[in-house]
Protein chains: 4
Amino acid sequence: MIVIMDEGATEAQVQAVIDRLVELEFTVHRSTGMVHTVLGGVGPEEVVEPSEFEVMDGVKECRRIISPYKLASRHFRPSGTQVKVGGASFGGDAVVMMAGPGLVENKDQIEKVAEAAAGAGAQVLMGGVKKARLHAPAPAGLGEEGLRLLWEAAGRHGLAVASEVADANDIELFVKYVDLLMVESGNTSNCHLLGEIGKAGHPVLLNRGAAATVEEWLLAAERILLAGNCNVILCERGIRTMESPARLTLDINAIPLLKRLTHLPVIVDPSHAGGRRDMVAALARAGVAAGADGVMLEIHPDPDHARAEGAQTLRLETFAELAGQLKAVAAALGRRI
Amino acid sequence: MIVIMDEGATEAQVQAVIDRLVELEFTVHRSTGMVHTVLGGVGPEEVVEPSEFEVMDGVKECRRIISPYKLASRHFRPSGTQVKVGGASFGGDAVVMMAGPGLVENKDQIEKVAEAAAGAGAQVLMGGVKKARLHAPAPAGLGEEGLRLLWEAAGRHGLAVASEVADANDIELFVKYVDLLMVESGNTSNCHLLGEIGKAGHPVLLNRGAAATVEEWLLAAERILLAGNCNVILCERGIRTMESPARLTLDINAIPLLKRLTHLPVIVDPSHAGGRRDMVAALARAGVAAGADGVMLEIHPDPDHARAEGAQTLRLETFAELAGQLKAVAAALGRRI
Amino acid sequence: MIVIMDEGATEAQVQAVIDRLVELEFTVHRSTGMVHTVLGGVGPEEVVEPSEFEVMDGVKECRRIISPYKLASRHFRPSGTQVKVGGASFGGDAVVMMAGPGLVENKDQIEKVAEAAAGAGAQVLMGGVKKARLHAPAPAGLGEEGLRLLWEAAGRHGLAVASEVADANDIELFVKYVDLLMVESGNTSNCHLLGEIGKAGHPVLLNRGAAATVEEWLLAAERILLAGNCNVILCERGIRTMESPARLTLDINAIPLLKRLTHLPVIVDPSHAGGRRDMVAALARAGVAAGADGVMLEIHPDPDHARAEGAQTLRLETFAELAGQLKAVAAALGRRI
Amino acid sequence: MIVIMDEGATEAQVQAVIDRLVELEFTVHRSTGMVHTVLGGVGPEEVVEPSEFEVMDGVKECRRIISPYKLASRHFRPSGTQVKVGGASFGGDAVVMMAGPGLVENKDQIEKVAEAAAGAGAQVLMGGVKKARLHAPAPAGLGEEGLRLLWEAAGRHGLAVASEVADANDIELFVKYVDLLMVESGNTSNCHLLGEIGKAGHPVLLNRGAAATVEEWLLAAERILLAGNCNVILCERGIRTMESPARLTLDINAIPLLKRLTHLPVIVDPSHAGGRRDMVAALARAGVAAGADGVMLEIHPDPDHARAEGAQTLRLETFAELAGQLKAVAAALGRRI
């Protein structure tokens, strides 16, 4: 912990901060300058909030020295982590493509989607089966029947399976059918769910909360890692900005930033980030060009009549065309899809 | 639904939008101008997203006519709602003061707090008993024992009881001890929890999510109202802005805005909004002056050694002084505390 | 300058940072811990950007020790500054009320406004005379004729005069007529204008840029102070947030924050912050309650036909009523208007 | 103009809005529904603010029908605009690369930069010659001497010349030396400067303000177009978000959005958007992949000793490597650099 005292802080104020640090079992190094006194404290930073020092009299600023996340830090595994999901490997040389509808609707729909996904080079089939929404009393989706349809269609086309789980009580059911559990953006700070998913040990895709800073997002990942599960994939899908609520903004800066801060693979979700079909291709290409390890795309045989998220969902033909572009961009970077 | 067509939209594009509206069982009124064609659709707006039209060729913009929340709307009850919590009434002439520690720690602590709260004119004693945090593996707090301590201390001083519930499974336990269930800011989009709390029928305080727009917040309230519970109090406690993560910004505009949009009472939480003790008094006074129906304050006999949120927690003496100021501000507006 | 090295930074990396600091004429203190090495540099911080160190290999973070603004800092004048504008004093015990129209339109209009302002207890009459807008080719306003009308009306009612100057070439003209030069929110980073206004030595009201952090705003003030003018008043008038562009958000937190960081007086502008008439009263009261040294209000005899900013402008009767409320709130805090 | 009345608006309230629209010379179409009344007004939208209606009693919302910018709109020139700058053409098939230092320092520096730029395939050499900063009393830079050095170095290598002009009085001087006038992010709402640049008729690069919405940015472009200059290039360079002030966020969504809204070319500036050298490559590739018509890169023979913006400036070798990647990405999209 580093505490920078105010210009003009009194000796009594400096001493009060030292006393507090010592009380908290820190060892303190003091540096007295002509203008400012700086205190360096070595000790249990994880149990103290910098703000506790910042409200003390005569304190200008307090900063942690040590990163608040450890297992998620790049230093923990400098070479990077690869997460295997079925036959796909996130975080390796290849860029992994995931595709599927917002909601699994019926056998015909998911079969068409699976066929198109496999044909275009995707390795993971995704689909929602239980979507809670503020507007509606009951979650939409087919539940276990949806999982079965998803699993069967994926099996026919050699794809891995991914689906979003929002309730810790559902984890047991989901792991029977899916290779990758997805945590939606609204649950990024749901400690209970994160902990239970961590215990399940299954590969996880952790969406970023629309208002989560990169640090908060990594803290959420840390929670899963701490529970013993190191198969975590991060998914950037847009943040709230002054352009909101009209649209989220894909935080493309987060891709190179995460590559520096963490060893976990990171992918992009241009469908949610763009919010409308005609934005998806540009954002998907940008994500791959920025160095993302994968991209997830919402697709549907008939998006105009999709039961969820139709506006941001690609038609199968558009998807096939985009997949070709993504392969070309990946190749330009020396990667493949 | 109002659909504004692009300058230069073709007749075929206009017709496609009309067809889609009719397919969705809207009645369509068309207005053709020299520059733009505008379509007005009357029908089931609640099942359609404006974005579904905005991605159609030739469409410039699509807006809902009807508010997405109904029971929470001012029009539903123009005279305003009063929520009774023990002897307190939120949304009436009086401004209600709530006070308590971030965590109930022991009998002595909560007794001192309750005594100070009652002495200063607060009507509700609040305290946390089970706080989940991203940083720590297990929730902090005394659980049921904490609820009992809170309830006993409140009883000795004639105060109502409030505490934060984060898990739907805990609701049954909490309603035995508390008069007011609090939903924390991170759970504002937790549909399952909101629905279960709605069914419980107990008075609820709904914190605003740090990244929730006012409309999203009212949609969360609507969810509780739809479940049959109309005893909902809204609590503004700061939003993410460009000044974040250093600090949240109390959205003081939200107070008069909510008074126009909804009949539900609204209070402010200056402790979380300010994040540090020396900001609390100014924000609390501002909230009351802006027309809030109440204010909640974190207090503790020894904030420097508080087990949670010490930096933003007031000492009991400072609290007593602030309570005096708040009474004076309320009186200036013709209200009392 | 404090440089925190990465966990695992090599000795060569540490040495490179030390060499760079020494090259820049810093004296370096090194603290080697088990996990992190921390370097403290004492030297010419004002000519170095922390980011220059943050891009060096092995560096985790770099922070300034010394505040980037000095003359504007609270430490420069702990007792606070009072700025005299005509008979008014900003930053003293009294809360100063300013009022006037967005644009001076004609003699009759400004006379009615001045009469109402004086009658309600305002001490400063303000009005725009040259408003440039992105939408229109030429600035709106009466120019020098407007200044004369403003000055005459103010004189008849014993008010000081304030107006917004956007062009450094106009300063000489404005100081003939006004007691307070106002710098609009869009010019907060206009170094040339700030410098020229600083040289003019006339009292200045510095609006906050809608996207300026508090630190950037104080840097802009510093620029004026450096030019030798210490009569600077800060005006908070709303920032961009996720609720924008629908509306700005009055940063009420900024009031107590500025009271801690700077000795300069701070006032609020609820008209621009609210953007609509029915928000103004609540925000004005909140500003005074939070400790602002003044409040500026847009008023007009007939806002529906005002030539600028009508939606956020109060009718004269509403203004009189609000002035009464503000006096009561100020009195509740032991101040007067 | 479309005015949606509140549920429960009275006939008198509806009539007041109609009267106001008619007074403003709109023709009004009324649509009365079971819940809401909607008024459509055809008339001089450009002189009315929607907020003027939104503050009227009984009004829920008011929207413009017509876009506030016309000349900048895609409809004005559906095929897109190409802006010629020396031998380069922005907005055509090729992706144009611009490169140069934050400040022109001396002949040797700019010669090395020009050689590297030309060698890597850039077509425009840029460099600052007069940089005003809040921190410093006088602008940094060599002024006319810098322009001459820039012009000479560009000439030797067959490059076009670009530099930032901040003061309308300098335009005449700049157009002697440069092919492209750049307007910095802080001047996006400086109407006077925009108008004068418009009159100069020289190609312009208009940076986005860090807090400007896309609509505001297009309004600034409109201002230049209205003055008769249609050679405007837009440059996205990062916006303020909750991750600020630590870093700006490149608004990558803005690229496809602008392609839909406007006919003007759009490029990206990954140096300012990233703020640090190690972010630049990823953001530059993302910009090209998203469809930008160009990219500008800050480069310097010795960034550690650059007189401005060293942290975000690339070394010449890194730049050469990145240029190769950008060519590959452009080729993947069927474009060339």
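Trainee: What do the buried residues of α11(B) pack against?

Mentor: They pack against β7 (96–100), α3 (107–120), α10 (277–290) and β14 (294–298) of chain B, and also against α10 (277–290) and α11 (316–332) of chain C, where a contact requires the C-beta atoms of two residues, placed from the backbone, to lie within 7 Å. This is a predicted model, in which local features need pLDDT of at least 70 and side-chain atom pairs count only at pLDDT 80 or more, whereas totals for chains, interfaces and linings use all residues. Residues are numbered from 1 along each chain as its sequence is written, while chains are lettered from A and ligands numbered from 1 in the order in which they are written.

Trainee: Which residues of α11(B) are called buried?

Mentor: They are B:L316, B:F319, B:L322, B:A323, B:L326, B:V329, B:A330 and B:A332, and the word applies to a residue with 20 or more other C-beta atoms within 10 Å of its own, against 12 or fewer for exposed and partly exposed in between.

Trainee: Why is C:E144 called partly exposed?

Mentor: Because C:E144 has 14 other C-beta atoms within 10 Å, a count that falls between those two limits. C:E144 belongs to helix α4 (residues 144–156) of chain C.

Trainee: What makes residues 316–332 of chain B a helix, and how does the span of α11 set against the expected one?

Mentor: A helix is a DSSP run of H or I with at least four residues, a strand is a run of E with at least two, and both are numbered from the N terminus; α11 of chain B has 17 residues. Its first and last C-alpha atoms are 25 Å apart, close to the expected 24 Å, which is 1.5 Å times one less than the number of residues.

Trainee: What makes you say that the copies meet through the same surface?

Mentor: Of the interface residues of chain B, 100% are also interface residues in chain C, so the copies meet through the same surface.
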